[in-house]
Amino acid sequence: MDARQWMSILLFLAAALMAFIAYLAYLKRHLPAAKTLILIMLAASFYATGYAFEVLSNSLGEVKLSLQIEYAGIPFVSALWLYQIIQFTGTAAAYRKRLALALFVVPASVFLVQLTNDWHHLMYERFMPTTDDSIVKYVTVKGLWYKVHTVYSYIVMTAGLSLCVRMYWRALPIVRKQIAVLLLGAIAPMLFNLCLWFGIDVDLTPFGFAVSGIAYIWGIFKFNLLRLMPLAQAQVFDTIGDGVVLLDYEDQIVSYNRAAEEVLPALSLTKRYPASVGLVLSGSPELLERIGSAAAEDERFPYQALLGGRNRHYACRLSYIYDASKLPIGKMLMFNDITELKENEDRLRENARQLSELNAFKDKLFTVMAHDIRDPIALLVSLTELLGDELADGDAEHAKLFRELRGQVQSTFLLVDNLLDWYRSQKGKIAFRPAGWNVQQVVRQALTLAGSKADMKQIRMTERVDRELTISADKEMLDLILRNLLSNAIKYTGVGGSIEVSAALDGDWVVVRVTDDGAGIDEATAELLRREEPFFKLPALGGDDAGDARFGLVLTREFVRIHGGKLWFESATGEGTSFFFTLPGSASGRRACEDEGEAAGAPQRQRTSESA
């Protein structure tokens with residue numbers, strides 16, 4: 001085979017190689033840069049294939065046909081390469097489509113001019129035959145539009161190279177390797193094309209594209225050329241919320257992201273990197289000391305800076321960067337903004353201080369209430385009871401008023417007592433000492449204590465409790481529970497009404513019920529009672545002693561919970577209300593308890609459960 005045949009074989013191999021690279025790029029076609037690489041390699045493959053046919057051509061017609069094949073790719077290769085670099089570097093993202101149209105105006109015109117060259121000879125003025133021993137049979141005299149295309153191609157390649165170089169200095173090491181592959185892919189065809197300017201008649205540019213193809217294959221398999229573009233990596237680096245500064249092994253700043261520039265404004269004052277950290281951060285001696293004395297392990301330390309009139313707090317981390325062989329190649333300094341966390345901590349400390357002061361004031365207030373308020377009211381209760389007995393034998397009119405006064409004083413005393421009991425329960429000062437108690441005896445004792453208040457409204461109080469029922473309860477808490485429930489029942493029961501206390505055994509629990517035939521509880525009031533709040537106000541339901549119920553029921557519910565039981569109520573407006581609570585208990589005579597339980601069974605009306 002002669003030189004022409006060898007030359008055409010090499011060109012066909014180069015075309016096949018570039019077609020293979022286009023296939024590899026097609027496998028990554030979901031990436032925009034991969035789509036562009038497919039077009040570059042296909043255009044270069046047309047170039048090499050057409051030139052192979054030109055080398056084998058023996059007539060002018062065959063040469064012109066080969067040129068048509070070549071120019072299906074020649075005009076577009078350089079513009080496609082620049083567009084790929086624009087995609088990689090993220091240049092002109094806002095108006096990239098318009099830029100792409102502008103880039104391909106000249107290539108498209110070159111293609112059309114070559115297609116119609118026989119009409120105007122703007123691309124090739126004439127074709128001249130060569131000697132028999134030349135590789136190509138015809139040489140061409142270039143026209144005006146050929147020179148326009150040449151100048152345009154070199155301008156485009158120069159612009160792409162400048163973009164690559166600018167990004168190379170700011171990129172991470174792995175990204176720099178990808179950019180180097182792209183640079184090699186552009187420089188190789190340019191160097192081979194320059195041979196035409198030194199008198200070589202054979203166009204070696206297709207072989208330059210073959211070298212580019214080899215470089216691209218190496219980049220795809222070695223550096224994941226199409227897996228993650230430098231643009232994507234740079235965007236990830238720039239959009240990290242934490243500030244990051246990268247230093248090489250000589251403590252020179254290599255790169256940083258936008259968040260780091262906000263932490264260290266001095267970074268933006270240096271225009272060229274790499275730069276010595278000592279020069280760039282000369283205004284931050286504490287950082288320089290940390291970087292200079294960094295140990296092999298990660299180091300964490302706080303950092304403060306006054307930025308925009310606000311004191312900013314950062315949690316810093318200084319760590320080494322290692323290569324594949326575990327050798328240190330640099331350092332990474334990260335800044336995590338914890339300003340809001342610090343400010344919230346300060347606010348929490350201030351709130352805690354204020355809350356502590358309020359709690360101290362509350363403790364003093366309840367101490368005053370226990371000694372300076374409760375004792376005088378207790379004395380008033382005793383005095384009113386003594387005077388009430390004397391007035392009962394005297395003036396009947398004054399006796400009635402005095403009984404009203406005595407009721408109000410007793411209600412106030414009960415309220416203060418409940419307040420103090422609630423306070424002690426919240427402070428954990430009430431000891432829980434459960435013991436076995438006879439339910440009937442405890443209920444009768446409570447009824448006796450509430451009898452005087454019930455007599456004022458001529459309310460009849462009865463109990464229906466099996467004498468064999470026993471419960472396990474704290475006596476003081478049990479007395480308070482019954483006292484509050486009876487006090488409320490008396491308060492909301494009209495004159496001449498009735499109240500009944502009953503109890504029944506339900507498994508391992510004793511269910512105690514306090515029933516009155518008062519006005520009942522409406523839906524609005526029932527909703528208030530469901531709220532687990534320490535203070536609530538009930539509207540007056542009628543009756544001589546109806547009024548405000550603060551949190552007696554809340555305290556009752558709390559004490560029932562301590563025993564493991566629950567409190568609930570059933571009510572029907574105009575018919576009365578039944579409050580139920582459960583306590584652990586037992587009975588020796590179960591049949592009698594069942595009879596009592598049937599007698600104490602309540603009708604199924606509105607039921608609201610207060611879970612323990």
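**Close-up views of the predicted model**

**View 1. The bridge partner of serine 502 is arginine 513, in β13.** The model is predicted: local features need pLDDT of at least 70, side-chain atom pairs count only at pLDDT 80 or more, and totals for chains, interfaces and linings use all residues. Residues are numbered from 1 along each chain as its sequence is written, and side-chain values use heavy atoms, with hydrogens and water left out. Strand β12 (residues 498-506) and strand β13 (residues 509-516) run antiparallel and are joined by eight bridges; two strands pair if DSSP finds at least two bridges between them. Helices (H or I, at least four residues) and strands (E, at least two) are DSSP runs, numbered from the N terminus. β12 and β13 make a hairpin with two residues between them, and glycine 507 in the turn has a positive phi of about 70°. Strand β10 (residues 460-464) runs parallel to β12, with five bridges between them. In that pairing, methionine 461 has isoleucine 499 of β12 as its bridge partner.

**View 2. Glutamine 458 lies in the loop between α17 (439-456) and β10.** Its phi is near 55°, a positive value in a residue other than glycine. Most residues other than glycine have a negative phi. Glutamine 458 is exposed, with a relative accessible area of 59%; exposed means over 50%, buried under 20% and partly exposed in between (1.4 Å probe, protein chains only).

**View 3. Histidine 121 and leucine 122 are in the loop between α7 and β1.** Histidine 121 also has a positive phi, near 60°, and at 37% relative accessibility it counts as partly exposed. Leucine 122 is partly exposed too, at 35% relative accessibility. Leaving out residues up to four places away in sequence, leucine 122 touches Val113, Asn117, Gly143, Leu144, Trp145 and Tyr146; contact means heavy atoms within 4.5 Å.

**View 4. Helix α6 (residues 105-115) has Pro107, Val110, Val113 and Gln114 buried.** Seen down the axis of α6, these buried residues fall within an arc of 125°, so they line one face of the helix. The arc is that of the directions from the helix axis to the C-beta atoms. Val105 and Leu112 are exposed, on the face of α6 turned away from the buried side.

**View 5. Helix α18 (residues 475-491) and helix α20 (residues 552-562) cross at roughly 145°, and their axes come within 9 Å.** Axes are lines fitted to C-alpha atoms, for helices over the stretch in contact, and angles run from 0 to 180 degrees between N-to-C directions. Residues making the contact include Leu480, Ile481 and Leu485 of α18, and Leu553, Phe559 and Val560 of α20.

**View 6. Six strands form an open sheet in the order β5-β4-β3-β8-β7-β6, with antiparallel pairing.** The edge strands, which pair on one side only, are β5 (275-276) and β6 (299-307). Two bridges join β5 to strand β4 (residues 252-256), and glutamine 252 has serine 276 of β5 as its bridge partner. Helix α14 (residues 285-292) packs on the sheet, touching β3 (243-248), β6, β7 (310-322) and β8 (328-337). The direction of α14 makes about 160° with that of β6.
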